[in-house]
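Visitor: I'm new to reading protein structures. Could you walk me through one, feature by feature?

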Amino acid sequence: MPDQAQPGTTGKRVLVASATGYLGKFVAMAFKRRGYWVRVLTRSEERLHSRGPFTAPAISRDDVDDIFVGELTRPETLAGLMDGIDIVFSSVGISRQRDGLSFEQVDYQCNRNLLDLCRESSAKQFVYVSMQGAEHIGQLEITKTHERVVADLKQSGMDYRIVRPCGYFSDMGALLDMARKGRVFLVGEGNNRMSPIHGRDLAEVCVDCSEGSETEVEAGGPDVMTQREAGELAFDVIGKPVKMTVIPLWLAGALVKLIRLLSKQFGDLAEFIVVAGEIDGVGPPLGTTSLRSYFERLAAGDPDA
Ligand SMILES: NC(=O)c1ccc[n+]([C@@H]2O[C@H](COP(=O)([O-])OP(=O)(O)OC[C@H]3O[C@@H](n4cnc5c(N)ncnc54)[C@H](OP(=O)(O)O)[C@@H]3O)[C@@H](O)[C@H]2O)c1
């Protein structure tokens, strides 16, 4: 274990509990770059050391100060996790995982377990990533569980920070992948407005939020556009004719019901995608990377896009 007497130039030690995730990987690197001593929690060292989806960085042993292998669903594996920690960052949640676990078991219970450990430790601050607008969308499992964590944090007596991001560039990368294959599928007409943000930019927002005094921060990228415009941009960048297929909302709703019969987790996720395709998701433009420049770098095969 690295020398505990060297807590980085800020004098603070941070635990990043989601360092294998798209956002968490950028956040671990951002805290380190900004002079923090960084411990990462992972259930898979291999995933930590590999690149994540859509240019999320690989994290080597030399990039961070300590690697703790444990599972948030099994608190008995977490003894010592909080030792010496001042700040906890979590964007733990389900996106593409196929563990068969629910939002309740991961998005809520994993973060609740983390919060319980925090309150018995030296940690003073908990930075949690919810979602832009989640507090106004009560009908979805994912938003409900995010906001349960937020409510618990507010009641915990800890110094808390809530980051509420708009859609991530990882989802926009998926759009570019569809365009490369020749057709983009839209749920609904795709006329809802959004301001997606790069994970690298959002990571800086997360560190700023930890250091600042505002307890809740919404964050979007520099461009406001519709889903349809983002799809058109993807085709433009790769130089292919625009081909889009609209999945009407009535059909998407029926598919959600069907998927839910097979798997509650995927049904909940599909419902989120349908609802997100109907509502605007625009936040303050705190990110600086434009979607066009990201698409151009992705299309050119730049691993650090
Ligand atoms: N995508 C968006 O547009 C968007 C927008 C706003 C907010 N958000 C929220 O931001 C958060 C992070 O999103 P992301 O795209 O960075 O997600 P991600 O890449 O899937 O990362 C999620 C993290 O949670 C961990 N995790 C998931 N299931 C776990 C389990 N059963 N036990 C322990 N750890 C588990 C993952 O670890 P493993 O690698 O081991 O699975 C990973 O470190 C989510 O809560 C999401 O709802 C997303």
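Visitor: Let's start with strand S2, residues 37-42. Why is it described as largely enclosed by the rest of the structure?

Guide: Keep in mind that this is a predicted model. A residue counts as buried if 20 or more other C-beta atoms lie within 10 Å of its own. In S2, 6 of the 6 residues pass that test, so the strand is largely enclosed by the rest of the structure.

Visitor: Which way do the side chains of S2 point?

Guide: In a regular strand, side chains alternate between the two faces of the sheet. Here Trp-37, Arg-39 and Leu-41 point one way, while Val-38, Val-40 and Thr-42 point the other way. All of them are buried, whichever way they point.

Visitor: Which strands pair with S2?

Guide: Strand S1 (residues 13-16) pairs with S2 in the parallel sense, over 4 bridges. Strand S3 (residues 66-69) also pairs with S2 in the parallel sense, again over 4 bridges. Follow Arg-39 to see both pairings: Leu-15 has Arg-39 as its bridge partner, and Arg-39 stands opposite Asp-66 in S3.

Visitor: What do S1, H1 and S2 make together?

Guide: They make a right-handed β-α-β unit. Helix H1 (22-33) also turns up around the ligand: H1, helix H3 (104-119) and helix H5 (169-181) each supply at least two residues of the shell.

Visitor: How many residues surround the ligand, and which are the closest?

Guide: There are 31, and the closest are Thr-20, Gly-21, Tyr-22, Gly-93 and Ser-95.

Visitor: Now for backbone angles. What is there to notice about the phi of Phe-54?

Guide: Most residues other than glycine have a negative phi. Phe-54 is not a glycine, yet its phi is positive, about 50°. Thr-55 has a positive phi too, near 70°. Phe-54 sits in the loop between helix H2 (45-49) and S3, and Thr-55 is found in that loop as well.

Visitor: Are those two buried or exposed?

Guide: Phe-54 counts as buried because it has 20 C-beta neighbours inside 10 Å. Thr-55 has 22 such neighbours, so Thr-55 is buried too.

Visitor: And Asp-304, buried or exposed?

Guide: Asp-304 is exposed, with 8 other C-beta atoms within 10 Å. Look for Asp-304 in the segment after helix H10 (291-299).

Visitor: Last one: how confident is the predictor?

Guide: The mean pLDDT of the protein chain is 94, and 98% of its residues reach 70 or more. Over residues 1-5, though, pLDDT stays under 50.

Terms used: Residues are numbered from 1 along each chain as its sequence is written. This is a predicted model: local features need pLDDT of at least 70, side-chain atom pairs count only at pLDDT 80 or more; totals for chains, interfaces and linings use all residues. A residue is near a molecule or strand if its C-beta atom, placed from the backbone, lies within 6 Å of it. A residue is buried if 20 or more other C-beta atoms lie within 10 Å of its own, exposed if 12 or fewer, and partly exposed in between; C-beta atoms are placed from the backbone. Two strands pair if DSSP finds at least two bridges between them. A crossover is right-handed if, with the strands pointing away from the viewer, the path from the first strand over the helix to the second runs clockwise. pLDDT is the predictor's confidence in each residue, from 0 to 100. Two residues are in contact if their C-beta atoms, placed from the backbone, lie within 7 Å.
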